[in-house]
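I opened a new model today and kept notes as I went. The plan was to go from the whole chain down to single residues.

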Amino acid sequence: LWETHQCRPHAYGHTWCPGYELPAGMLHGQAVGTDMGFGAYLSFVEGWVSEEEMHRVLKNISDCELSLYHPIMDDDEMVWKTHLGIVEKRGGNLCAPIPKPLGFSGYLNDMTKD
């Protein structure tokens, strides 16, 4: 399946977790929660949301009793392999929907392994 329409805000939380959801034995919602939390962090790093807004997103995910972290996320090689796979699936673009600003979607297209 190759995705042709890249700007899909409803894909928030579905960028990196497909690579670790099954190996970690996570429920889908829990895996998506971790991905959404990571996206909120990346949005903060990009300067698209403030630290306070990032923490609001993280608190909201946590208040829904969804996970923000799983140890499998520390496997940098596995996460990077997933990253490369999603870029290929999305036609050469990462197109990771993340908050920009809070309440709206922006798309992260470039990310290095570092």
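My entries follow, from overall fold to hairpin.

**Fold.** I am working from a predicted model. I looked up the secondary structure of the protein chain and found four helices and two strands. I read the order from the N terminus as α-α-α-α-β-β. I then checked the radius of gyration, which is 13 Å; the globule rule gives 13 Å for 114 residues, so the chain is as compact as a globular protein of that length. I noted a C-alpha trace spanning about 35 × 30 × 25 Å along its principal axes.

**Packing and surface.** I looked at burial next: 40% of the 114 residues count as buried. I also took the contacts with a separation of 6 or more, and 60% of them join residues 24 or more positions apart. I counted 8 positive and 16 negative side chains. The centres of these two sets lie 6 Å apart.

**Hairpin.** I turned to the strands. β1 covers residues 96–99 and runs antiparallel to β2, with four bridges joining them. I traced alanine 96 to its bridge partner in β2, leucine 108. Five residues sit between the strands of this hairpin, and I found glycine 103 with a positive phi near 95°.

**Faces of β2.** Which residues of β2 lie on its covered face, and which on its uncovered one? I found Gly106 and Leu108 on the covered face. Ser105 and Tyr107 make up the uncovered face. I recalled that side chains in a regular strand alternate between the two faces of the sheet.

Technical notes: Residues are numbered from 1 along each chain as its sequence is written. This is a predicted model: local features need pLDDT of at least 70, side-chain atom pairs count only at pLDDT 80 or more; totals for chains, interfaces and linings use all residues. Side-chain values use heavy atoms; hydrogens and water are left out. The radius of gyration is taken over C-alpha atoms; the globule rule is 2.2 Å times the number of residues to the power 0.38. Buried means under 20% relative accessible area, exposed over 50%, partly exposed in between (1.4 Å probe, protein chains only). Contact means heavy atoms within 4.5 Å. Lys and Arg count as positive and Asp and Glu as negative; His and the chain ends are not counted. The place of a charge is taken as NZ of Lys, CZ of Arg, CG of Asp or CD of Glu. Two strands pair if DSSP finds at least two bridges between them.
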